[in-house]
Amino acid sequence: MGISERTRKILWARSGNRCAICRCELVRKEFATDPAAVIGDECHIISKRPGGPRYDPKAEVKLDGYDNLILLCKTHHKLVDDQPSRFTVEYLRMVKAYHEKWVRETLGQPAKKKAPRGPTLDEVNVLPRIRTGRELVNVLWNAHLFYFDNDELESEEELDLVSGFFQVIQDYGDLLTDLGAGEVVKAEFYLNQEIKELESKGFFVFGRCWFKKVKIGNQEDLWPVASVRVVRRTSPEIVKVPNLEKATS
């Protein structure tokens, strides 16, 4: 039967006309000589096609139904279908749920003051190495702000690798406190895979959670900040001290 018109309308409305992963707008405005451009796709989480991404002949879900669809830009549609082991059914469902929660709580609300900037490297100058997904979850847990940094990248392959890693950890960082215990364990597993992939390409991950004073109006609070940096393993900034590897900036 295909995707119904009603299902399409619900999917686009609940997604806020934005990609569930990068949140770019999926309908770009028209110009005098050109029509509006649609750069979004209604993507199947579980493929309808045998042998397709995440195909499951025993799937207990209507394949063209709303629960099996996620709205993505064309770049991320290609990425999730080319890398189904990384973008699993569980992960895509989690991303969709969080994105729609973000749309409900964020879009259409009155404009807020500009969020405080992230910390500079002068403010966070020592970061321990992150070796496992569990260690990374501990850094991301309950963070209000995120600061990501990386060494200069030398190819599009490195760009995709590092930018994809930062996007994944920001998605998890926004969502972790809403997950059940079992989902947190899965997050640790997936993040562990991300770290190992970076290490296989010659990068190390460093990070820690710290607290920054943030003034909003007349009130000043301490906000937890997750600082994560991706560094080449050959970087001279990586310094070994007794039984502990640290990165200095």
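Which residue forms a salt bridge with Glu42, and how far apart are the closest N and O atoms?

1. The model is a predicted one, in which local features need pLDDT of at least 70 and side-chain atom pairs count only at pLDDT 80 or more, while totals for chains, interfaces and linings use all residues. Residues are numbered from 1 along each chain as its sequence is written, and side-chain values rest on heavy atoms, with hydrogens and water left out.

2. The partner of Glu42 is Arg8, with 2.7 Å between the closest N and O atoms. Glu42 belongs to strand β3 (residues 40–44) and Arg8 to helix α1 (residues 5–15), so this pair ties together parts that are 34 residues apart in sequence; helices (H or I, at least four residues) and strands (E, at least two) are DSSP runs, numbered from the N terminus. Glu42 is partly exposed at 22% relative accessible area, and Arg8 is likewise partly exposed at 30%, where buried means under 20%, exposed over 50% and partly exposed in between (1.4 Å probe, protein chains only).

3. A salt bridge is taken as a side-chain nitrogen of Lys or Arg within 4 Å of a carboxyl oxygen of Asp or Glu, and by this rule the count comes to 16. Among them is Arg18 with Glu25, whose closest N and O atoms are 4.0 Å apart; Glu25 is partly exposed, at 40%.

4. Within helix α2 (residues 74–82), Asp82 and Lys78 lie four residues apart, about one turn of the helix, and their side chains meet in a salt bridge of 3.2 Å, N to O. Asp82 counts as partly exposed at 49% relative accessibility, whereas Lys78 counts as exposed at 53%.

5. Arg129, Lys196 and Glu199 are joined in a network of salt bridges.
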